[in-house]
Amino acid sequence: MNLKEIGRVVGQRAKKGQKRYDTIIFDLGDVLFTWSPSTKTSISPKTLRSILQTTTWFQYEKGDISEDECYASVALEMALSSEDIRNAFQHARETLVSRPVMVDLIRELRPGRKIYAMSNISAEDFTFLQTKSSDMDLFDHCFTSSSARERKPNIGYFRHVLERTGADPARTIFVDDKLDNVLAARSFGMTGILYDDFENVERTLRNLCFDPTIRGEAFLKQNAGQHLSYTSTGVTIHENFAQLLILEATHDPSLVKYTKYDGPFNFFRGEGELTTSAFPCDADTTSIGITCSDHMSPEKKHEVMDAILALRNADGIPQVYFDSSRPRIDPVVCVNVLTLFYKYGRGKQLKECFEWVESVLRYRAFSEGTRYYEPPEAFLFFLSRLFLVAPDVYKRLGTVFAECCRERIGLKGDALALAMRVVCCNFAGIDASGDLMTLRNMQEIDGGWPDGWFYKYGSNGVLIANRGFTTALAINAIKGAGVRMKRPSSITNLKQAWNDTVVRVRVSHSHIQ
């Protein structure tokens, strides 16, 4: 599914009642069209632009004076030849060209929307523009300063356009390259976009006009089997951990590639990368693997859990690796081990582990991340998974969990941290609309979300990210915000709450040392 097809799908969904922007107003000059002030005359580019800022030119754009009167007045004001001014502007008109990428984007945005132009332009220049360009059919109507006898940023011009179109400012987007004009539009309640460069404007328009979940799902499908992780040093790594979490978030095995083990899982799909080649299996990937996949027999699962119990240190805390020469502990790993054990009715066997996790939560020991996990939100996110299978744990920790979620709201974070934060707030029934909006605005043109540093090599701090997992979680966060749950009081309600909050992505078709 390409971007245009995504747009059509979104348009069809919007017709079924989804609230969205139904009107977009574009400036013409330096937005849809570009031109050059460099001419083959004695008038320099700087002088030509200065003329455009004179009161005389403003009067000309509003139709208060004729073209001849304008050139004569400007010539007198600036000690120039009126004929040179006329020739300069004639040459400038000849350089006028449309931006093909903007034309294509507007055509994609058109279905189901009214598209208008609103320009400060003289009658003569607009007549020339209509003969010069074949792209004026993009607009349902073109409003000009010469016909309205007003110009931007005067509020009278905006009032004129809104009255003529009947547009609802709350459902209207305004695009212009001048901040004064954008500010005036916003003062009417419109959503203003300042044109700085095309890529930024395209991303903003897509994020405002198209359903983020449809675009995110298309990104996941288009890159199925290629959602590889990569490091902060630019190295692509082939690992199982993120693949398993994408599988859990989407319930779509076609999106991922991971190794199926009949025993402990390894973080890497092959040899270790950026570490020892013979890398040991670990309790974290193993716990996630057994809870997310279904290929292992019940007997083998319990055999693996017995092996994890054997990893406990003198404090009763399961160590990360199935390798006694690597004595590492991490509270997030402990949470994931607890999730595995509680899911299969063995949570009581990890009393000391649970007590440590509780202390980490109550005293906010996770506030700067952990040895293997970069964002503090990772600890809270994996706790929400534990609550799904352990209602008694939720009953005991739910209040302090909610307090921690509230404390994180509004803090700086990348896309993954924000997605985790919103998912946790959804789970706890907390409004995180500000972070949700920030997350939505981060969506890229291709429909995916940008880098979100997830875990890291404990020995050197090299970070690891996976856009596929960040995107899957962002989709769940956005969908879940619409059905924020009440605090569950039973396992039945808890499962329903989770299903409602962490909504599964539906794609159409069928820790390191």
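In which sense do strand β8 and strand β11 pair, and over how many bridges?

1. Basis. The model is predicted, so that local features need pLDDT of at least 70 and side-chain atom pairs count only at pLDDT 80 or more, while totals for chains, interfaces and linings use all residues. Residues are numbered from 1 along each chain as its sequence is written, and side-chain values use heavy atoms, with hydrogens and water left out.

2. Sheet. Strands β8 (residues 229-231) and β11 (residues 463-465) pair in the antiparallel sense over 2 bridges; pairing requires at least two bridges found by DSSP, and strands are DSSP runs of E of at least two residues. Thr-231 has Ile-464 of β11 as its bridge partner. Both strands belong to an open sheet of 4 strands, ordered β9-β8-β11-β10 with antiparallel pairing. Because β9 (236-237) and β10 (453-456) each have a single partner strand, they stand at the edges, and one side of each is left without a neighbour in the sheet.

3. Thr-172. This residue lies in strand β6 (residues 172-176). A polar atom of the Thr-172 side chain lies 2.7 Å from the backbone oxygen of Asp-168. Leaving aside residues up to four places away in sequence, Thr-172 touches Tyr-21, Thr-23, Ile-25, Ala-167, Met-190 and Thr-191, where contact means heavy atoms within 4.5 Å.

Key
Polar contact = N/O pair within 3.5 Å; in protein donor to acceptor, adjacent residues only side chain to side chain.
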